Amino acid sequence: MPPHLHPRSRSTTGLFAGTLLASLMVVGIPHVFPCPAPRRTFADSEMIMTTGGQQIQRVRRRRRKDVEPTAQDESLPARTPLASEEEVSTFLQLEEEAALLSKPGRECPIPKPTGMLDTEIDWTTYMQQIRLFLDGERNYILIKGSTGPLVYPAAHVYSYTLLHHLTDEGRDIAFGQIIFAFLYLITLTIVMACYRRSGAPPYLFPLLVLSKRLHSIYMLRLFNDGLAALCMWISIWFFINRKWTAGVVVWSFGLGIKMTLILLAPAIIVLLALSLSVWPCIRLAALGLGIQVMLAIPFLPMNPQGYFNSAFEFGRQFMYKWTVNWRFIPEDIFLSPAWWRALIIVHALILVSFGLTSFLRPAGINLFAFLNKFCKGQHRGIPLHHNFIMAVLLTCLSTGFLCARSLHYQFFAYLSWATPYLLWRTGAHPVIVCIVWLLQEIAWNTYPSTNISSAIVVLSLVAQVAGVFANRKDAFPTLSPTPKEHAQ
């Protein structure tokens, strides 16, 4: 490896710092300089804003001075010019406002992502559900919003309760987007730290900050996937540094925000079983389960079954029009239970294949011998390579997305930062890595999804999973790294 490409070289460190600084500037500058177009009209203001941010100057009505009636006017019939002037003024005012509304435009000189600042999708529903929670509703199936019932675990409720208080009961969407911008930067920093810890090559770092869809998910849409992805990457950082208890705690809390993180459960089981003995594994499993029960305590006395059915609904039926990955198959097949069962079987077969050929390689024995040794308490733990840990976690994540019944656009929050690493672990040429990454980015930015875009989404996931499996001897290193070891 050339010295300037070494993960610890000055060029790599400079690229890491420069990429992080560029992302901070790109995300932060639009919020540092305020938009000159005011977003809110106050009670004492004379300004009204169009949907495009255009200011409308309201026409001020002239006050008609009251004139003392004279004796000679009393004999004349009463005239009503006031009503006529008000009608004319109102008509002219409405005409002017209609003309301005017909020419929407933006006055803000700072470029922002396509669309208006207030481009939230589920934020209003989240806030409606939080208001019911704050009003004392504890029956989970009765907590609903304008787009449907609450279908996320309890940590989602607590997280958005905090955001509800920070954003003036959800009305200050702009401040909520600033909060999510900082969450994006924090997550990006942790992701880059994980990449650098794993010895990833420098050309991967720019790919981490160039996703338009990822910026939309975090800074515009305010999805809870941003919070769950933050917990996911914090837990990955703890795992690759062998902080097993902290990793399980953060992962379990992220699972309490959104059930998507359950895709990491097989990987966590494998890593704990390899690294620890049977009783520490049992204690950590009880800890993860106990966190879920503790988070659900306010809702369990009222309707425990309703809580778990809503928060962890495995048999949820998804709508065909929102799918990103299976648009190219007929709708009747997409909605059929047989298709769902087939995906579950394929998912299980892929995980078992990785388990038999890759995940247990550090143990040096087959599955049955390892289970026998582990259950008898004879297994004392194996030191794992940090690349092995990260590869196992992200491979299980990508496999779950490949076999998912339906993917929506917000799920890209988990996949976007995993793809460059997995493509690198396939051993592909950097040009191929960048091409596959670009095709996936284009497909996820296609709205609504098409047959071609959904096929690209699936094929890119196939490339990641199959590529890692084909290169499993290098993708899952079995020896602990030495101080002189270089990442290739």
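1. Buried here means under 20% relative accessible area, exposed over 50%, and partly exposed in between, with a 1.4 Å probe and protein chains only. At 14% relative accessibility, Ala174 therefore counts as buried. Ala174 sits in helix α6 (residues 173–197), where helices (H or I, at least four residues) and strands (E, at least two) are DSSP runs numbered from the N terminus. The C-alpha atoms of Ala174 and Met219 are 9.5 Å apart, although 45 residues separate the two along the chain.

2. This is a predicted model, in which local features need pLDDT of at least 70 and side-chain atom pairs count only at pLDDT 80 or more, while totals for chains, interfaces and linings use all residues. Residues are numbered from 1 along each chain as its sequence is written, and side-chain values use heavy atoms, with hydrogens and water left out.

3. The protein chain contains 21 helices and 4 strands, and buried residues make up 48% of its 488 residues. Of the contacts (heavy atoms within 4.5 Å) with a separation of 6 or more, 77% are between residues 24 or more positions apart.

4. The unreviewed UniProt entry places the feature "transmembrane region" at several spans, including residues 246–274 and 381–402; such annotations may be inferred rather than shown by experiment, and their positions are given in the numbering used here, with feature names shortened. Residues 246–274 are 76% helix and 0% strand, with end C-alpha atoms 17 Å apart, whereas residues 381–402 are 77% helix and 0% strand, with end C-alpha atoms 31 Å apart.

5. The structure holds 32 aromatic pairs, a pair being rings of Phe, Tyr and Trp (its six-membered ring) with centres within 6.5 Å, called stacked if the planes are under 30 degrees apart, edge-to-face if over 60, and tilted for the rest. Phe370 and Phe374 are stacked, at 5.9 Å centre to centre and 20 degrees between the planes. Both lie in helix α15 (residues 367–375), 4 residues apart, about one turn of the helix. Phe370 is buried because its relative accessibility is 4%, and Phe374 is buried because its value is 13%.

6. Phe401 and Phe411 form an edge-to-face pair, with 6.2 Å centre to centre and 75 degrees between the planes. This pair joins Phe401 in helix α16 (residues 386–402) to Phe411 in the loop between α16 and α17 (412–415), 10 residues apart, and both Phe401 and Phe411 are buried.
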